[in-house]
Amino acid sequence: MIAYSGGPRLGIRSARQATPARELLPGERVPFHEYEGNSVLILAHTSAVHTATSSPPPKTGGGTLDIDLNSLGTGGGLVVLAVLAWAAFKLFGGPRNEARAIARAMRGGGGGFFRALGGFFKALFAVIAFVFRFLGGRQLWGEPKSDATFWRMGTAPAAAKKELAPVAQLGSVAIAAPRVSLVKVPRREPRPWAVKAVQLVTQYEGHGARVVEVAGRWAVRVGGWARSAWRVLCAIGRFFRSLYEAVAPVVTAVARAVAVWARWPYAARSLARVGGLALLIAWNVPALHGWAVLALVLAFLGFVAAAVTGPGGRGMWGVVPEPTDAQRYGPQIWVVLRDDLKLPDDEPMETWLHLPDHLGADDARIVVRLPWEFRGSTTERENLNELVNSRLPGEWVSRWDFKGEDHTAVYTHKPPPKPAPECPERVGFFDPDIQEAIANCKKGEIVVGKDPFGRIVIKQLDGETPHWALSVGTGGGKSAFCQMVIAQLIRQGYHIMAADVKRVSVDIYIGVPGVYVYNDPLNPQDMRAGIEWAVEEISARSAIAEADKSAEFPGMLILIEEANEFADVSREWWDDNRKTKDDEFGSKDRAADSIWGTVASGARLGRHVHGNILAIFQDLRDQALGGKGLRNLFRLKLMGNFTVNSWKNVIGTTPVPESIDKAGRMMVVEGNSQYWVQTCFAEPEELRAWAIEQRKATGFDPAAGLWGTAPKPSPKSLPRLLQGVSRDKLPEALRGASEGGLSDETAGRGVTLDPSVTPGVTPQRDRLRLIPGQAGAEGPQGAPERPVLLTIAEIAHELTTHGYAIKAELIRQHKSRRDKGSNNGFPVGIIGQDGKERWTLPQLIHFYEQRGYEKTEPQDDAADTAEQGDAI
């Protein structure tokens with residue numbers, strides 16, 4: 001039933017019969033049976049008045065619902081679009097009930113309509129994109145399964161390939177080979193009873209032999225017929241086999257080509273799809289059936305030819321697959337393995353050797369089947385292991401099995417080494433566990449730091465390791481290490497004598513009771529004197545310990561910072577001040593610097609009386625330190641930020657380990673033991689405050705345990721470039737240092753004239769003698785005594801008798817520096833006829849008193865000669 005309720009005029013007619021269309025009146029209903037078997041054409045007219053134009057000729061063909069949109073205007077177009085939107089709405093998830101759909105669209109307002117319209121266009125665009133992808137040869141859905149381009153055949157995508165780690169870094173568990181027998185089954189011999197039965201039948205001549213003979217003949221005939229039938233069957237089989245051998249490669253190639261459809265170039269896929277679509281259309285057109293069949297045959301033949309000659313067949317074109325590891329390395333190793341196992345030349349490799357396709361895979365296994373004659377001795381196993389590791393990439397470990405039916409050697413990847421543990425990044429001196437360990441340390445024990453396992457390392461500055469040597473590069477933390485060690489020894493009541501040519505390594509402890517720091521490289525005699533004093537204390541302790549076995553001594557540490565630099569400075573001083581000739585006071589000094597002999601003596605004697613040495617070296621060879629064999633005296637060495645040369649110069653062993661360039665990271669070398677440690681660290685100010693607090697807490701007595709007095713340092717000497725700088729421009733700590741500009745009176749070269757003294761008397765004349773009347777009104781008018789001029793050796797002897805601890809080598813050093821132009825204030829003497837320079841005793845006494853040397857009680861036997869006449 002078709003109902004028309006008004007609005008645009010509609011016409012209805014049959015699409016198959018040439019009946020004129022008639023106009024429907026509003027409210028008219030037309031039953032379908034009047035047009036039974038015919039399609040109905042509904043004509044929509046937007047004009048208000050029906051014209052008399054004749055209807056278009058009826059359309060022929062299959063029955064369809066035809067909507068004539070030729071004369072649609074804006075309103076009609078909107079109606080059609082609304083109908084299409086409604087259809088799309090129904091198609092993409094809309095409810096089945098039209099009333100619900102219309103109600104929901106109405107409730108949604110314009111939004112529901114536009115959503116339905118958008119869904120329609122979305123579907124339309126999806127269809128168009130599908131058509132373009134189909135005709136363009138691209139993947140219809142999902143991600144591309146190859147990296148093919150329009151003209152190039154693709155390979156498996158990178159994402160589909162398993163990322164293989166380098167074989168040297170892989171590890172796997174050796175899995176036993178599968179229980180499959182590879183032994184050839186020998187040909188079975190006939191059983192004895194069967195041989196006897198055949199002989200009995202063929203050789204029987206008794207009763208019934210004729211019957212047996214006839215039966216045998218018929219058996220032979222039947223056997224011949226059966227053999228002929230078998231030959232026919234075999235011929236038929238060979239025919240089909242030949243047919244299969246001819247067809248199988250083609251089928252296989254076609255199957256392989258189809259299997260790699262995703263790797264075809266886009267052009268080939270597009271051609272196949274377009275061709276298939278064209279053939280489908282031509283097949284449905286009767287006039288094109290012949291051409292369609294011909295095209296189909298030609299396309300099939302072309303496809304077969306491409307498949308046979310392509311990568312899946314003979315590989316005459318296309319992408320050649322990359323050979324597997326088994327194909328690449330198998331033939332190479334098999335040539336040698338076959339000879340090692342003493343196998344025949346015709347033995348197939350697959351029977352005795354199995355290689356995986358990817359040697360870098362985690363579970364890769366190499367299985368070598370061993371003949372029963374393979375004894376498996378150590379030499380044979382090593383040869384086979386060497387062959388596998390030399391001919392195949394990676395490192396392989398073997399597992400041997402000689403107990404089963406098949407003797408095998410299974411090779412798997414060598415497990416990667418476990419990562420070596422590392423020391424902590426920082427170890428704080430004031431950490432609770434470090435402080436607890438320091439509090440529990442006995443005398444001579446030092447908390448060094450922590451090892452790679454986090455354990456606290458405590459070493460003894462006593463016993464087998466009484467002396468330590470350090471060799472640490474720039475920025476390695478040697479100054480912080482020395483400060484940390486000294487702080488712990490201060491807590492234990494040690495006396496510290498430090499010779500620091502760097503000036504600033506241990507200057508934080510200057511002023512701490514019991515710590516004696518000599519850090520002026522321009523006065524190396526002070527450092528030498530400090531070392532000699534400390535060694536003399538050790539020598540005195542050794543003598544007392546011999547007499548009294550129960551005697552106890554406080555510890556004493558000799559610290560030599562930058563020992564090689566100190567050796568250079570000391571050697572230069574020694575060359576300038578040593579006695580080169582024999583005189584009445586003794587023989588001449590040796591050319592070698594005597595200080596290292598003193599150090600070696602202290603190292604040998606100090607072990608049993610708590611006399612220890614901590615020295616920082618860059619070169620511990622004998623030729624660098626006077627040939628005294630000091631390297632063997634330092635049993636414990638610590639290396640940090642070292643180079644190959646520094647390791648050889650200090651340790652002297654090979655191989656040289658790799659250095660870890662990190663502040664505070666040091667390698668402890670004790671005999672054959674070598675391990676890393678992160679040393680303790682704290683700020684210098686905190687260490688000084690802690691050390692002073694420990695001194696107070698322990699009630700330290702600076703004089704306890706000492707048999708002498710530490711020499712006082714000389715006044716600081718300014719470097720040459722600072723001597724001419726105004727004191728106001730210098731830091732306050734340097735303003736009191738000697739500039740070398742002392743007056744003649746201060747230096748002992750003359751006196752300031754009294755106003756009554758006769759003018760014009762020069763210092764040169766004043767030094768010789770005074771004539772009557774030159775002493776002033778109050779002074780004596782007679783000629784004074786002539787001043788006594790002495791040599792350096794004589795003055796040193798006189799100074800000793802007067803209570804001054806000044807040796808001849810110290811006086812020679814000051815004189816040498818004056819002669820080199822340092823202008824250190826050393827007095828100028830009188831040159832005698834023999835060419836030697838001599839001085840008066842008051843001159844030298846005044847010079848050294850100005851430099852801080854104090855007088856002690858003179859010796860009794862020299863009391864009568866202590867007084868000397870004044871030159872004035």
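Predicted model: local features only at pLDDT ≥ 70, side-chain atom pairs only at ≥ 80, totals over all residues.
How many nonpolar, polar and charged residues does the lining of the largest pocket have?

1. Residues are numbered from 1 along each chain as its sequence is written, and side-chain values use heavy atoms, with hydrogens and water left out.

2. Searching the whole structure turns up 12 salt bridges (a side-chain nitrogen of Lys or Arg within 4 Å of a carboxyl oxygen of Asp or Glu). One of them joins Asp 433 to Lys 450, with 2.7 Å between the closest N and O atoms. Asp 433 sits in helix α11 (residues 432–439) and Lys 450 in strand β12 (residues 445–450), so this pair ties together parts 17 residues apart in sequence. Helices (H or I, at least four residues) and strands (E, at least two) are DSSP runs, numbered from the N terminus. Lys 450 is buried at 15% relative accessibility, whereas Asp 433 is partly exposed at 30%. Here buried means under 20% relative accessible area, exposed over 50%, and partly exposed in between (1.4 Å probe, protein chains only).

3. Next, look at Lys 459 and Glu 670, whose closest N and O atoms are 2.6 Å apart in a salt bridge. This pair links distant parts of the chain, 211 residues apart: Lys 459 is in strand β13 (residues 456–460) and Glu 670 in strand β20 (residues 665–670). Lys 459 is buried, at 13% relative accessibility, and Glu 670 is partly exposed, at 28%.

4. Glu 562 and Lys 478 also form a salt bridge, at 3.9 Å from N to O. Glu 562 belongs to the loop between β17 (556–561) and α14 (563–577), and Lys 478 to helix α12 (residues 478–491), so the pair ties together parts 84 residues apart in sequence. Both residues, Glu 562 and Lys 478, are buried.

5. Now for the largest pocket, which holds about 860 Å³ of space. On a 1 Å grid over the protein atoms alone, a pocket is an open set of points with protein on both sides within 12 Å along at least five of seven lines, and lining residues have an atom within 4 Å of a point. The lining has 13 nonpolar, 7 polar and 11 charged residues. Helix α13 gives the most to this lining, with 9 residues.

Terms used:
1 Å grid on protein atoms, 1.4 Å probe; cavity = no way out; pocket = protein on both sides within 12 Å on 5 of 7 lines; lining within 4 Å. Points joined across faces, edges and corners; volume = space filled by probe spheres on them. Nonpolar A, V, L, I, M, F, W, Y, C, P; charged D, E, K, R; others polar.
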